[in-house]
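Me: I have a model open and want a quick walk through it. Can we start with the domains and go from there?
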Amino acid sequence: MIIAWQFIIMIALTCSFFAWFLFRPISQSQSLSGDESNIAINQQRQDELKSDINQGLIADDQYQVAESEIISTLATELRLDQKESIAIKPLPWTLTIILIFSVLSLGIYSQLAPKMISSENSLTEPMSMSDSIERLQSYIKENPGDFQALKMLGLAQIGIGNVNQSIEAFESAYLINSKDIDLLLQYASAIAASQDGQFDGKSKVLIDEALSLDPQSIQVLYFSGIVAAHEGNLSGAIEFWEKALYLMSTNHPDRNIIEEALGTVLNLQVK
Amino acid sequence: MLIEVGHFALVLALVISLVLIVVPSVGLYQNKDSLAQLAKPLVWAQGFWITVAFFVLMTAFLTNDFSVKYVAENSNTQLPVLYKASAVWGSHEGSLLLWVFVLSQWTVAVSFFSKRIPSDLINLTLIVLGAISLGFLLFLLFTSNPFERLLIPPPEGSELNPLLQDFGLAVHPPMLYMGYVGLAIPFAFVLSALIRGQLDSTWIRWTRPWVLVSWSFLTIGITLGSWWAYYELGWGGWWFWDPVENASFMPWLVATALIHSLSVSEKRRAFKQWTVLLAIGGFSLSLLGTFLVRSGVLTSVHAFATDPTRGLFILIFLFIVIGGSLVLYTWRSSLLQQSNPFSLLSRETGLLINNILLVTAMLSVLLGTLYPLILDSLNLGKISVGAPYFKAVFVPIMIPGVIALAVFPYVRWKKDSLFRVFNLLKFEWICVVLLTFLSWVFITDNFFVLVSVGLFIWVVIHVLVLFIKRLRSKAKLSMSFIGMVVAHLGIAVFVLGATVTTQLGIEKDIKMNIGETQTIAGYDFVFNGVSPHSKENYSGFIGDISVFKNTNKVAQLNPEKRYYQTGMPMTEASIDPSITRDLYVALGEGLGGEAWSVRIYYKPLVRWIWLGGLMIALGALFAAIDRRYFLRIKS
């Protein structure tokens, strides 16, 4: 985890701010009690009522009734609860808040913080794919259990045509998390690439797993359609792709691909 | 490092919300004012750090920092600066950060404008708001972190959804969120009053201006969304009954009922149960909207995410909020029983009818929105509930509401007589019948248009007469009254605009060759051809259409067909606007040679829809600045 001096300053600033208000609390004399507020509001209501009757907006008998209602309302609202405030010792409270604040904020951040942050240079100068792979590999050596890094390595390897290394990386990621839909599909695609584009064997098993995990995923439905089409199950492929199209918005960028695939299969079915 | 500062600022805000829940609560419970009064500084600090986080993310967009996953997925170097800034809330994580940011600003506003509110009530309200922000910050940081980093930053980012590359994205979501999130304020006031067991005048008085302001923002947000959809989607519609649109409309309906219910509770100490339930309902519906948009149960232009974890989190949060509030309501229900009596013909009855109609309308929209989802989740098939259902169910419910709004402002509080009201209104009714008859003779024989014209005249005359009577009685015109008049006129303007444009609008979807002319509603549209056109983030075609009326050129329209980096085609309509009609042209596909498909619309009074919406919002703002909310109370 990165604990930079900026974080310490942020914590110190916040705690000092709270400490200031613990030692010099906002004056209670500037605030109102419920009774004072209710009396003022009902008085104002009575004034409005008087103004209404002066202008003939309400009848006399209604004025009498409304006025007695205001008085009875106020009577039920007044509590006359004169509470005596208890003074506190600000120092122990300040120290407790500082302690809790520092421990909690740094503790939560340590759970969320990135394990490695790209250098400033990498933001301005794009890395080559082989540089990225090297960087990932060295990172994975230090963090062998990082699922995302392994998945990314698999993607990077297949990006430069290293299908076998890609399968290895995906397999390691799969052993860590076998429920990630995206991984299952990428892994299946890599295996299919190693067997001349055939989605059978383990590749098919992975897509079936993805389908059982999320039968509503557009990507999964697309791949399931491909598997069905490879098996010669054209009606199955049509069903998957029609469902995918149904779930897609009308302007989805991948819509054309599925429509094209569906059109091809429909033609084949007609023949 | 700046990104991590933003990230850590969010973590600090989360921890502050925890401290906000615990420390001032201890102060209130143990009567230690110094601790209770810490609520305000805690809120200010939380607001500050959330603002820091928000602007750090915006900086990441403006500086193309693609090491941030969210930036890489929703922006690129070619995106114009305005869209880079508004892309901050263009997708799930950022829009949730906007939600949290808006909530923090509302909370800070409550803490600042609270000098007239009893300190116990305000501190408790801030604690409730702190609990709400805790829920959202947990959701943001643990399921939707906008500061998540990429191990290897890509050299270039992805495309922001082309539909969102528009000025509308800069204004519609912030306004809508101001309204959505603003409903947390009355909810927090209600919960504080229930917890304190003091459902008195104070609570009701100080809740109302907050409801009015948030309702006003919600109205502006919905109106802007409708206007954006009208010009951006390219088929001339202004309301689509899209489930996500409905998700914003339902809290609006409930908040409308809440405003009216609060006025009865404030003036007459009646309807307290209604008021409490409507405040809970309004915020619960805004959370339901969040669930629908972010859970993945909907497939829509608006739907952000398809992550069941996020959906589950919001669902649990929704259950805690609704369940907890209703338990509290049941516990304190005995305090809500007292009510001043009123007769069958009284203004209270009118407002009760208003509440019932608005809540029924909301339930009809809720049913139409959730029914397909429920059927689908039970594997009972997929159905789609669209405009025909909503028009058939929603519109008949709202017509009596529009009629009521022209009558009941005349009726006295508590008790009135039919004879007095009839005598008061008879001349106006004669005017309405006469003017509607004249409209039938001279303008249109369309039944629906005549009904809406009748309603429009009805409301306008009644509102104006009411206004004149107030002036003649030399009564002071309160901002509350002016607000009511403006908002009711806004409803009439909206109803007329919506009916006329729906009933008398003309649409033609045609093939046009160069030099060809099409005549619609007396306007001649001459197609002069299409030429290539490109800008930094898209390329495409631009059409050239001249519009003539009686041989005089009245407009030059240039509709576009754009192709963004993703290849996604976008239709940019060209509109000649005016207060009486819009001429609207959208370019379709090239049909070979020099022919193109073109959609031409004539939209009479379409601007009145948004004018009405803005008048309603303005009315609410007027009412919110009524002097009674600025009452000076001496301690």
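Me: Which domains does the assignment give for chain B?
Reply: Domain 1 covers 1-165 and domain 2 covers 186-405. Domain 3 is made of 406-504 + 610-614, and domain 4 is 506-608.

Me: How far apart are the centres of domain 1 and domain 4 of chain B?
Reply: Their C-alpha centres lie 42 Å apart.

Me: And how is chain A divided?
Reply: Into domain 1 (5-25 + 33-80 + 89-112) and domain 2 (127-270). The C-alpha centres of those two chain A domains are separated by 56 Å.

Me: What is the confidence like in chain A?
Reply: Mean pLDDT is 81, and 85% of the residues in chain A reach 70 or more. Helix α1 (residues 5-23) of chain A has the highest confidence, at 91. Helix α5 (residues 120-124) of chain A has the lowest, at a mean of 47.

Me: How many contacts does the stretch 120-124 of chain A have beyond near neighbours in sequence?
Reply: Six in the model, and the pLDDT there is below 50. Where pLDDT is low, the predicted coordinates should not be read in detail.

Me: Back to chain B. How many helices and strands?
Reply: Chain B has 19 helices and 10 strands. Its radius of gyration is 26 Å, close to the 26 Å that the globule rule gives for 635 residues, so chain B is as compact as a globular protein of that length.

Me: What box do its C-alpha atoms fill?
Reply: Roughly 85 × 75 × 50 Å, taken along the principal axes of chain B. Of its 635 residues, 52% count as buried. Take the contacts in chain B between residues at least 6 apart in sequence: 73% of them join residues at least 24 apart.

Me: Next, helix α8 of chain B. What span should it have?
Reply: At 1.5 Å a residue, the 16 residues of α8(B), 167-182, should span 22 Å. The end C-alpha atoms are 23 Å apart, which agrees.

Me: Is that helix mostly covered or mostly open, and which residues are buried?
Reply: Mostly covered: 12 of the 16 residues in α8(B) are buried. Among them are B:L169, B:H172, B:P173, B:P174 and B:M175. The buried residues also include B:Y177, B:Y180 and B:G182.

Me: Now strands. How do β2 and β3 of chain B pair?
Reply: Antiparallel, over four bridges, with β2 at residues 517-520 and β3 at 523-535. B:I520 stands opposite B:Y523 in β3(B). The two strands form a hairpin with two residues between them. In that turn, B:A521 has a positive phi of about 50 degrees.

Me: What about β3 and β4 of chain B?
Reply: They run antiparallel, joined by 10 bridges, and β4 is residues 538-549. B:S531 faces B:I542 in β4(B). A hairpin through two residues joins β3(B) to β4(B).

Me: Where does B:N550 sit, and what is its phi?
Reply: In the loop between β4 and β5 (552-557) of chain B. Phi of B:N550 is near 50 degrees, a positive value in a residue other than glycine. Most residues other than glycine have a negative phi.

Me: Is B:N550 buried or exposed, and why?
Reply: Exposed, because B:N550 has 8 C-beta neighbours inside 10 Å, and the cut-off for exposed is 12 or fewer.

Me: And B:N31?
Reply: B:N31 has a positive phi of about 60 degrees and is not a glycine. It is found in the loop between α1 (2-29) and α2 (33-36) of chain B. B:N31 is exposed, with 12 other C-beta atoms within 10 Å.

Technical notes. Residues numbered from 1 in each chain as written. Chains lettered and ligands numbered in written order. Predicted model: local features only at pLDDT ≥ 70, side-chain atom pairs only at ≥ 80, totals over all residues. Expected span 1.5 Å × (residues − 1). Buried ≥ 20, exposed ≤ 12 C-beta atoms within 10 Å, placed from the backbone. Domains from an automatic or database assignment. Pairing = 2+ DSSP bridges. Rg over C-alpha atoms; globule rule 2.2 N^0.38 Å. Contact = placed C-beta atoms within 7 Å. pLDDT = per-residue confidence, 0-100.
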